[in-house]
Amino acid sequence: MTKGGMESVELFTSEGKGRGLKAQKEFLPGDVIFAEPAYAAVVFDSLTHVICHTCFKRQERLHRCGQCKFAHYCDRTCQRAAWLEHKQECAALKRHGKAPPENVRLAARILWRVEREGSGLAEGCLVSIDDLQNHVESFSEEEKKELRVDVESFLEFWPPQSQQFGIQFISHIFGVISCNGFTLSDQRGLQAVGVGIFPNLCQANHDCWPNCTVIFNNGKIELRALSKISAGEELNVSYVDFLSLSEERRRQLKKQYYFDCTCEHCQKHIKDDLMLAVKAGESKPSAEAVKEVVQLSKDTLEKINKARMEGLYHEVVKLCRECLKKQEAVLGDTNIYLLKILSIASEVLSYLQMFEEAADYAKRMVDGYLKIYHPNNAQLGMALMRAGVTHWHAGLIEAGHGLICKAYAILLITHGPSHPITKDLEVMRVQTEMELRMFQQNEFMYYKMREAALKNQKITVMPEPSNETSPSLFHKKE
């Protein structure tokens, strides 16, 4: 079955997985398989005043809706584009007196669209809202309790003049949001800013080593090929970051998405040996020494999170240095606990403008990532970009340019040339290439010119460190 812009994919029943998507033709790495607008989407509660409620871009100054005083937009164009979806929401917000939580707002937007169009197949959708998985029957007692609270909040918010839906259907919608809510990122893809429902994307099954990736670009999600895909081959994406042991990924997938992962990487524990690597050679550490350092790493990560929450970045650096000293004698270069500390240390040191030390840690981090991640993984591309920028700031222009080029090659596939972060990276690549040529011609003059030009630099440091990881594929309510 195909419909409106989905001609290149087919909906099918996958044995042991339920519905799935497969390719109707061959795709090459970087090809857009389909682009899908949200069936409904909302900005996160904490960002409603800084993110446009239509295009989900971050802007310094936004126009506020004059009626409800809640919705914010880039300009009148975005405001007019949103009116069909916001009209009933606007009246409900004024009547209710305050905005309900994001999942209640999203459920309301979904049901207002059902009220307008019915719950059958929407234009361009392969499945209806009715037919999306909700997994309510698999909810834990705590999740069922939260569901009841959500339904009560929804009923308080839902206007009496709107179409009234049964408790079972409202619960179904909240289950759909819980299992299928897709995380929307800002225009540069660096921060999660909202959540939406994309019925076609929901049909793509999980694989820890997928052949596709998903990116939010210019108001739509794009399903993009990571590798060559043959006609008839199943399309899959990864619901979780690969940088965890297979058992931990399986546990996370079971808890959040209610299925047991049977992908090849989980069944054969592929890459687990790298992520658990210890020092090799004659001085191989004992099992007890490894256990001790792993526990120290876990304890340190908890202390680091607390220090970061309090903005104590010099304390974070101290904790990282102490932990790395113990790790380096015991853990291998690809051990996940070593990589986690290296990542935090490089990010925080960059923020503190201690670039030479940050560059050293960043290089070791990406060297480990390159051995673990899929070669076209978006997380790997972003890590290479950050490492390249850090090396540039440290004056390591040749290494910095090389890392930025590697990042650009990956992001061309995962994000595409029109994505803002890829455009930013292209500017960096051209700039560092020009500087590298100057450096090779006259090193002394290059550093003199660099020193003078730094006041007007185009490449900037990363923003203040936060405890947020890169946006995950599907949004799960905390």
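Which residue in β8 does Thr183 stand opposite? Thr183 faces Val195 there.

## Basis

This is a predicted model, in which local features need pLDDT of at least 70, side-chain atom pairs count only at pLDDT 80 or more, and totals for chains, interfaces and linings use all residues. Residues are numbered from 1 along each chain as its sequence is written, and side-chain values use heavy atoms, with hydrogens and water left out.

## Sheet

Three strands make up an open sheet, ordered β4-β8-β7, with antiparallel pairing. Its edge strands, each pairing on one side only, are β4 (40–43) and β7 (182–185). Neighbouring strands are turned by 30° against each other on average, direction ignored. Strands (E, at least two residues) and helices (H or I, at least four) are DSSP runs, numbered from the N terminus; two strands pair if DSSP finds at least two bridges between them.

β7 and β8 (residues 192–197) run antiparallel and are joined by four bridges. Helix α2 (residues 102–117) packs on the sheet and touches β4 and β8; its direction makes about 150° with that of β4. Contact means heavy atoms within 4.5 Å. Axes are lines fitted to C-alpha atoms, for helices over the stretch in contact, and angles run from 0 to 180 degrees between N-to-C directions.

## Helix pair

The axes of α8 (residues 287–309) and α9 (residues 313–327) come within 9 Å and cross at roughly 170°. The two helices are therefore roughly antiparallel to each other (angles over 145 degrees). Contact residues include Val293 and Leu296 of α8 and Tyr313 and Glu315 of α9.

Notes. Parallel < 35°, antiparallel > 145°, perpendicular 65-115°, else oblique.
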